[in-house]
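The points are grouped by topic.

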Amino acid sequence: MSDRLQTNLGYTFGRHTLLKHAVTHSSFVHEQKLDASESNERLEFLGDAVLELCISDFLYHRYPDMSEGDMTKKRAALVCETTLASLARSLGVGEFILLGQGEASEGGREKDSILSDVLESILGAIFLDGGIEEARALVLRLYEPIADKPGRQAKDYKSTLQEILQRNGTETATYTIIREEGPPHKKTFTAQVSHKGKKLGTGIGASKKLAEQEAAKVALGKVANASA
């Protein structure tokens with residue numbers, strides 16, 4: 001299993017346990033009664049930051065005349081759940097994910113939320129195993145072929161909110177997952193967005209990213225009403 005996945009990734013792990021960790025979904029951990037730390041959620045957190053750094057660097061050098069605002073929108077489109085899931089499918093990641101039987105029976109291997117999270121987890125694992133340059137190399141292999149392709153951009157409430165907030169300062173909005181509910185194969189997340197210590201909105205979604213987008217959408221409504 002790991003050999004084929006590593007071939008697809010174009011990267012060979014020195015510590016193979018990191019790759020197994022990256023593809024271990026919380027539903028599998030719950031079903032097997034393993035410790036919660038054995039799921040890929042912490043690696044996903046790390047991989048999300050690695051991906052944002054690599055994509056930001058990629059855009060900065062690839063588009064020297066692009067404005068900050070346009071780079072922000074471009075980055076949001078490239079790292080959104082739909083794009084990540086599509087890239088994960090191109091690598092055949094779904095067949096290697098360790099899922100609980102309930103999640104697997106409900107088509108978990110094809111869910112955008114799971115595929116995107118696992119790809120981020122794999123990036124986090126590569127970063128820990130081989131460093132930032134190895135992670136960057138995978139990001140470039142995945143994104144260079146699609147970076148210039150036109151496509152419909154998903155509505156990115158987080159970027160829109162950030163643009164509005166930064167008109168009057170440089171402090172960024174902060175997103176926090178304040179609640180997780182439901183069984184491992186059917187979780188819902190509640191996210192809260194704050195700015196300068198003030199709570200602006202909460203949102204619920206089937207993934208952390210969707211919950212954050214919903215929170216930003218609510219916050220945009222409040223910001224718009226306040227400025228009206």
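Strand β2 (residues 188-195) runs antiparallel to β3, and seven bridges join the two. Strands pair here if DSSP finds at least two bridges between them. Helices (H or I, at least four residues) and strands (E, at least two) are DSSP runs, numbered from the N terminus. The model is predicted: local features need pLDDT of at least 70 and side-chain atom pairs count only at pLDDT 80 or more, while totals for chains, interfaces and linings use all residues. Residues are numbered from 1 along each chain as its sequence is written, and side-chain values use heavy atoms, with hydrogens and water left out.

**Sheet**

- The sheet is open and has three strands in the order β1-β2-β3, with antiparallel pairing.
- Its edge strands, each pairing on one side only, are β1 (174-181) and β3 (198-205).
- On average, neighbouring strands of this sheet are turned by 20° against each other, direction ignored. For such angles, axes are lines fitted to C-alpha atoms, for helices over the stretch in contact, and the angles run from 0 to 180 degrees between N-to-C directions.
- Between β1 and β2 there are seven bridges, in the antiparallel sense.
- A191 of β2 stands opposite I177, and A191 also stands opposite G203 in β3.
- Further along the pairing with β3, T190 has I204 as its bridge partner, and V193 stands opposite G201.
- Seven of the eight residues of β2 are buried, so the strand is mostly covered. Buried means under 20% relative accessible area, exposed over 50%, and partly exposed in between (1.4 Å probe, protein chains only).

**Turn residues with positive phi**

- Most residues other than glycine have a negative phi.
- β2 and β3 form a hairpin with two residues between them.
- K196 lies in the loop between these strands and has a positive phi of about 55° although it is not a glycine.
- K196 counts as exposed, at 53% relative accessibility.
- K33 has a phi near 55°, again a positive value in a residue other than glycine.
- The loop that holds K33 lies between α3 (26-31) and α4.
- K33 is exposed, with a relative accessible area of 75%.

**Largest pocket**

- The largest pocket holds about 1,400 Å³ of space. A pocket is an open set of points on a 1 Å grid over the protein atoms alone, where a 1.4 Å probe fits, with protein on both sides within 12 Å along at least five of seven lines. Grid points are joined across faces, edges and corners, and the volume is the space filled by probe spheres set on the points.
- Lining residues have an atom within 4 Å of a point. There are 38 of them in the largest pocket, and D48, E52, K158, E212 and Q213 are the closest to its centre.
- Two or more lining residues come from each of α4 (41-62), α5 (68-79), α6 (81-90), α10 (157-165), β1 and α11 (208-227).
- α5 gives the most to this lining, with seven residues.
- By class, the lining has 13 nonpolar, ten polar and 15 charged residues. Ala, Val, Leu, Ile, Met, Phe, Trp, Tyr, Cys and Pro count as nonpolar, Asp, Glu, Lys and Arg as charged, and the others, Gly among them, as polar.

**Cysteines**

- The structure holds zero disulfides, a disulfide being a pair of cysteine sulfur atoms within 2.5 Å.
- C54 is in no disulfide, and the nearest cysteine sulfur, that of C80, is 17 Å away.
- Seen from C80, the closest cysteine sulfur is in C54, at 17 Å, which is too far for a bond.
- C54 is buried, with a relative accessible area of 2%.

**S121**

- Helix α8 (residues 112-130) contains S121.
- S121 is buried, with a relative accessible area of 0%.
- S121 and A77 are 44 residues apart along the chain, and their C-alpha atoms are separated by 19 Å.
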